[in-house]
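The sequence and structure are shown first, and the description follows.

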Amino acid sequence: MNKAVILVGGPSRATRFRPLSMHLPQPLFPVGGQPIIWHQIKALSAVKDLKEIILIGFFEDFIFQPFLSKCQDEFPSITFKYLREYSQLGTAGGFFHFRDQILRGSPKNIFMLYTDICCSFPLDELLAQHERHGRLGTIMVTKVDRASAHLYGCVVVDHETKLAEHYVEKPETYVSDMASTGVFVFDQEIFHFMARVMEKRASEFEHERVQENAYGRYDDGDDSQDINRLRLEQDILRAMAGDKKLSAFLCTGFWRQIKSAASAVPANALYLQQAHENSDSILAKSSSEGAEIKGAVYIHPSAQVHPTAHIGPNVSIHARVVIGPGVRINDSIILDNVHIKDNAAVLHAIVGWDCRIGKWGRVEGSKVIGPNDIDEVTQAGVKLNSICILGEDVHVKDEVFIRNSIVLPHKELAGNKHNEVIM
């Protein structure tokens with residue numbers, strides 16, 4: 001039997017996802033027509049003999065219950081559970097804290113996935129290599145541009161033995177162009193390894209406490225000094241690599257982070273393109289009586305799209321949306337209950353729940369170029385060239401042009417706005 005754990009974090013972790021995370025937790029935000037976390041669950045559901053998926057985070061218990069109930073109906077052979085951390089325990093702290101529940105049933109292998117990633121998820125291949133090499137754990141890596149490698153956890157890999165020889169989290173100097181994808185699989189013995197790390201940390205903390213009491217307490221505000229916190233990257237992966245207990249599996253499919261709200265748009269495109277390649281029935285198709293559909297497009301069954309509209313490529317249109325005559329939309333996410341009136345255009349943008357865009361209105365961002373996550377969308381309070389984002393319940397009046405801006409919820413825009421963060 002195999003199990004999986006998905007680390008969903010908590011509300012304080014999604015500050016870069018605002019204003020969208022002000023309405024909905026980031027893991028439940030839809031990309032490719034489904035919540036971000038659904039894509040991970042879908043991939044895990046295809047893994048042979050995987051019986052349980054556990055979500056660990058510090059959201060309120062009720063947040064994920066409706067979603068998990070739907071997952072239980074869609075994937076009846078898998079048991080779903082949400083476990084809430086009593087405090088922020090670090091990227092490995094919750095995993096270790098709930099070890100008894102994770103080990104229940106004695107799973108052979110335990111997947112661990114971060115929630116803020118978009119990936120092709122070659123989990124069968126990852127598991128096959130893990131079992132073949134017999135290491136304590138296997139980390140999935142992807143090749144990134146050398147210039148951006150410092151933004152990731154970097155792994156030095158022996159390509160013959162597949163051994164992860166060294167792990168460095170966001171190195172200041174170049175170490176490797178193999179970056180951690182946030183996808184791992186561990187043997188159940190990982191918890192014994194983590195316990196030894198915790199014991200060593202406790203001993204070091206006690207020594208430091210004695211020294212501090214002797215010379216006066218010093219607190220630099222580093223959360224790594226909290227004995228209850230356990231960081232997967234710095235505390236566990238680095239130690240596993242040092243002990244030659246970690247192998248590395250190269251993902252050759254697509255991968256990117258979903259850190260900021262703007263990064264949801266390229267993630268949406270990747271999942272829609274994957275659905276298109278798989279001839280997924282979720283995608284809309286052009287017809288003689290319907291709107292012109294170009295490329296990969298998702299349209300919710302309850303949405304109303306005028307036959308003269310031009311939609312796509314890489315567009316998701318969600319529940320109860322109304323698209324008027326002559327509207328043009330590409331490379332965008334249109335969320336529930338949006339009304340876009342005649343001849344408006346939405347390009348490279350996210351239009352939040354309950355928004356209204358008037359006739360001949362235009363909401364336009366800048367096209368995303370390159371494989372890296374869009375971590376920074378503002379600089380010194382000025383909007384950088386990136387996706388245009390309208391928060392919940394924003395009304396754009398007729399003939400108004402909103403370009404390359406972020407608009408917080410419940411705003412009425414009667415004049416043109418360019419490169420602004422509208423509070």
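What is the strand order of the open sheet of 6 strands? The order is β16-β19-β21-β23-β28-β31, with parallel pairing. Strands, like helices, are DSSP runs numbered from the N terminus (helices are H or I with at least four residues, strands E with at least two). Two strands pair if DSSP finds at least two bridges between them. At the edges of the sheet stand β16 (304-305) and β31 (412-413), each of which pairs on one side only.

The model is predicted: local features need pLDDT of at least 70, and side-chain atom pairs count only at pLDDT 80 or more, while totals for chains, interfaces and linings use all residues. Residues are numbered from 1 along each chain as its sequence is written, and side-chain values use heavy atoms, with hydrogens and water left out.

Within the sheet, β23 (residues 356-357) runs parallel to β28 (residues 395-396), and 2 bridges join them. Ile-357 stands opposite Val-396 in β28.

Helix α5 (residues 123-133) has Leu-123, Leu-126, Leu-127, Gln-129 and His-130 buried; buried means under 20% relative accessible area, exposed over 50%, and partly exposed in between (1.4 Å probe, protein chains only). The buried residues of α5 fall within an arc of 165° seen down its axis, so they line one face of the helix. That arc is taken from the directions from the helix axis to the C-beta atoms. After α5 comes Gly-134, whose phi is positive, near 70°.

The elements below are among those that cover the buried residues of α5, through contact (heavy atoms within 4.5 Å).

| Covering element | Residues |
|---|---|
| β1 | 2-9 |
| α1 | 36-45 |
| β6 | 109-114 |
| β8 | 137-143 |
| β11 | 178-187 |
| β12 | 246-250 |

Helix α1 holds His-39, which counts as buried at 9% relative accessibility. The side chain of His-39 reaches the backbone oxygen of Val-31 at 2.7 Å. Apart from neighbours within four places in sequence, His-39 is in contact with Val-31, Gly-32, Gln-34, Phe-121 and Tyr-271.

β11 also gives the most to the lining of the largest pocket, with 4 residues. Other elements that each supply at least two lining residues include β1, α3 (93-97) and α7 (232-242).

Terms used. Polar contact = N/O pair within 3.5 Å; in protein donor to acceptor, adjacent residues only side chain to side chain.
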